[in-house]
Amino acid sequence: MVRRRIADGVAIAVAVATVFPIYWMVLSALKPTGEILSADPRPWTLHPTLDHFRSALGVSGFGRYLLNSLVVALAVVALSALIAFLAAVALTRYRFRTRTTILVLFLIAQMVPVEALSIPLFFQIRDLGRTVPGVGLNTLGSLILVQVAFSLPFAIWMLRGFVAAVPKEVEEAAIMDGASRFTILWRILFPLIAPGLAATSVFSFIIAWNDFLFAKTFIISATENQTLPAALLVFFKPDENDWGGIMAASTLMTIPVLVFFVFVRRRLVSGLGGAVKE
């Protein structure tokens, strides 16, 4: 009983520590500027205002930045889920000589700091854009390509466990019924590992949506192709930062992530299902 109470207390403390920054962000977005800059900040406000949200939405090109971020994030989710699914099936169901080496390389790729790769990737994207249209500098394709590459190692490792949890008897029963390999992939395995696809999709969406480093590295002069995090730079000024505008824009950036999470929530919490034919 005591252990249960201690565990509940720790869980509540972790939950509060996790939610408090989000609460403070939304609160600061609703506070008047005077309260934000006050020397005695309070965790509430009696005079909420939407002026900071109007300021954020009034930024020139805000709608375009939002659309660009959605295009990049959704494209990364779709491509990484498709490629990771096929790769996870290949690494789980088939045995070949370099399988272990490929898995180790995926782990090593996760350990390399993103900042260390920004300059080499800049030159690689620049050179690639000379031969492949749509993926060079100042294009959204460059952001999609790089974000897919960074999302794949984690997605493949996670989906590999979900594919391994599906009994082989399910596939054997489908083969006995005359199902082709394509049918087994898309009508049997794909629905069964939907929880894993949902989890990796959330990860991929968040990584692509919050990206700032590559957006500033690859999008140099084409401001119409900038993503939403670039809109935050408008509120950072040499003399005094507009913290209300920063928090309002950050709150608006969080909403699509929450909407996407709610959209995939049922798949995320559901378990593997299916039946084995006797």
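This is a predicted model: local features need pLDDT of at least 70, side-chain atom pairs count only at pLDDT 80 or more; totals for chains, interfaces and linings use all residues.

**Terms and their grounds**

Visitor: Why is Gly178 called exposed?

Guide: Gly178 has a relative accessible area of 61%. Exposed means over 50%, buried under 20% and partly exposed in between, with a 1.4 Å probe and protein chains only. Gly178 is therefore called exposed. Its place is in the loop between helix H8 (168–176) and helix H9 (181–192). From Gly178 to Thr223 there are 45 residues in sequence and 54 Å in space, C-alpha to C-alpha.

Visitor: Why does Val166 count as buried?

Guide: Val166 counts as buried because its relative accessibility is 3%. This residue lies in the loop between H7 and H8. Not counting residues up to four places away in sequence, Val166 touches Arg93, Leu189, Leu192 and Ile193, where contact means heavy atoms within 4.5 Å. Val166 and Pro113 are 53 residues apart along the chain, and their C-alpha atoms are separated by 34 Å. Of the 278 residues of the protein, 38% count as buried.

Visitor: How many helices and strands are there in the protein?

Guide: There are twelve helices and zero strands. Both are DSSP runs numbered from the N terminus: helices are H or I with at least four residues, strands are E with at least two. The C-alpha trace spans about 70 × 65 × 30 Å along its principal axes.

Visitor: What makes a set of residues a nonpolar core?

Guide: A nonpolar core consists of buried Ala, Val, Leu, Ile, Met, Phe, Trp, Tyr and Cys residues joined through side-chain atoms within 4.5 Å. The largest has 63 residues, and Phe85, Leu143 and Phe218 have the most contacts inside it. Helix H4 (residues 62–93) gives the most to this core, with twelve residues. Leu143 touches, among others, Val72, Phe214, Phe218 and Ile219, not counting residues up to four places away in sequence.

Visitor: What makes a space a pocket?

Guide: On a 1 Å grid over the protein atoms alone, a pocket is an open set of points with protein on both sides within 12 Å along at least five of seven lines, whereas in a cavity a 1.4 Å probe fits but cannot get out. About 270 Å³ of space lies in the largest pocket, a volume being the space filled by probe spheres set on points joined across faces, edges and corners. The elements that give two or more residues to its lining are helix H5 (99–111), H6 and H7. H7 provides the largest share, seven residues.

Visitor: Which residues lie nearest the centre of the largest pocket?

Guide: Leu117, Leu121, Val146, Ala149 and Phe150 lie nearest the centre, among 16 lining residues, which have an atom within 4 Å of a point. The lining divides into 14 nonpolar, two polar and no charged residues. Ala, Val, Leu, Ile, Met, Phe, Trp, Tyr, Cys and Pro count as nonpolar, Asp, Glu, Lys and Arg as charged, and the others, Gly among them, as polar.

Notes. Residues are numbered from 1 along each chain as its sequence is written. Side-chain values use heavy atoms; hydrogens and water are left out.
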